[in-house]
Amino acid sequence: MVGPVRPQFVLFGSSIVELSYSCEGWGATLANLYARKADVILRGYCGWNTRRALQALDKIFPKDATDQPSLVIVYFGGNDSMHPHPTAHSPHVPLQEYIENMRKIAIHLMSLSKKTRLIFLSSPPINEVQMHEMLSDLLGPLKRTNESCRLYSEACLELCREMNVKAIDLWSALQQRHDWDGIHLSHEGNKIVAKEIFKVLREADWEPSLHWNSMPTEFAEDFPL
């Protein structure tokens, strides 16, 4: 006989989500902490923007699925905020379209189930000096700036306030350190993201609570070998 379905936490986004499963990334931290509590599922793909996310939304999150996620953590914005390229070969999405795309993503996810909870991550900053030193010889002038990240981050946070969706301001949180990240998250950057997510999970008045310490433990008893 099959037991109760475990809660599912889905991480949905672009490279910051995909790379979060690397050693000591924030996704790996979640998966480790919730090992006997919930299944943490990766649906993050390098290079994706909100246009690509909308194309795959129904396939990744079908409304008629028997089991719906308890939590979806969403990150898009870094690729969308890149400057447009004259040849149109760029993941850039104009700010107003980005806002509407994020709104559609939120509406779809909220429609999955009354128990599906959302956390949106805003665009993190980039360290332009570090990026220039590391990549300008390979890629030429910067195609992403900290100012563009700020604009997309603020737009995401404002949308979340409007829609009553939990949000984490990564643009501000990561810059509290003097050695903040260049474009993808460092070890310390991943620790900050995990800390901010756990803070939301601890403080949210969701019923049932999704904080790891409040969830039932599966197979809690240790069996002798």
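Lys 191 is partly exposed, with a relative accessible area of 45%; here buried means under 20% relative accessible area, exposed over 50%, and partly exposed in between, using a 1.4 Å probe and protein chains only. This is a predicted model, in which local features need pLDDT of at least 70 and side-chain atom pairs count only at pLDDT 80 or more, while totals for chains, interfaces and linings use all residues. Residues are numbered from 1 along each chain as its sequence is written, and side-chain values use heavy atoms, leaving out hydrogens and water.

Lys 191 has a charged partner: it forms a salt bridge with Glu 188, and the closest N and O atoms are 3.7 Å apart. A salt bridge here is a side-chain nitrogen of Lys or Arg within 4 Å of a carboxyl oxygen of Asp or Glu. Glu 188 is partly exposed too, at 26% relative accessible area. Both residues sit in helix 8, 3 residues apart, or about one turn of the helix. Helices (H or I, at least four residues) and strands (E, at least two) are DSSP runs, numbered from the N terminus.

Helix 6 (residues 146-163) has a pair of its own: Arg 150 and Glu 154 are 4 residues apart there, so about one helical turn separates them. Their side chains meet in a salt bridge (2.9 Å, N to O). Arg 150 is partly exposed at 21%, and so is Glu 154 at 42%.

Other partners come from much further along the chain. Glu 218, in the segment after helix 8, and Arg 6, in the segment before strand 1, are 212 residues apart, yet their side chains meet in a salt bridge (2.3 Å, N to O). Arg 6 counts as buried at 18% relative accessibility, whereas Glu 218 is partly exposed at 29%. Together with Asp 39, these two belong to a network of salt bridges. Across the whole structure, a search finds 10 salt bridges.

Now for the greasy side of things. A nonpolar core is a set of buried Ala, Val, Leu, Ile, Met, Phe, Trp, Tyr and Cys residues joined through side-chain atoms within 4.5 Å. The largest such core has 30 residues, and Trp 26 and Leu 121 touch the most other members. Helix 8 supplies the largest share of this core, with 7 residues. Leaving aside residues up to four places away in sequence, Leu 121 touches Trp 26, Ile 73 and Val 193, among others; contact means heavy atoms within 4.5 Å. Apart from this core lies another, of 27 residues, including Phe 12 and Met 102.
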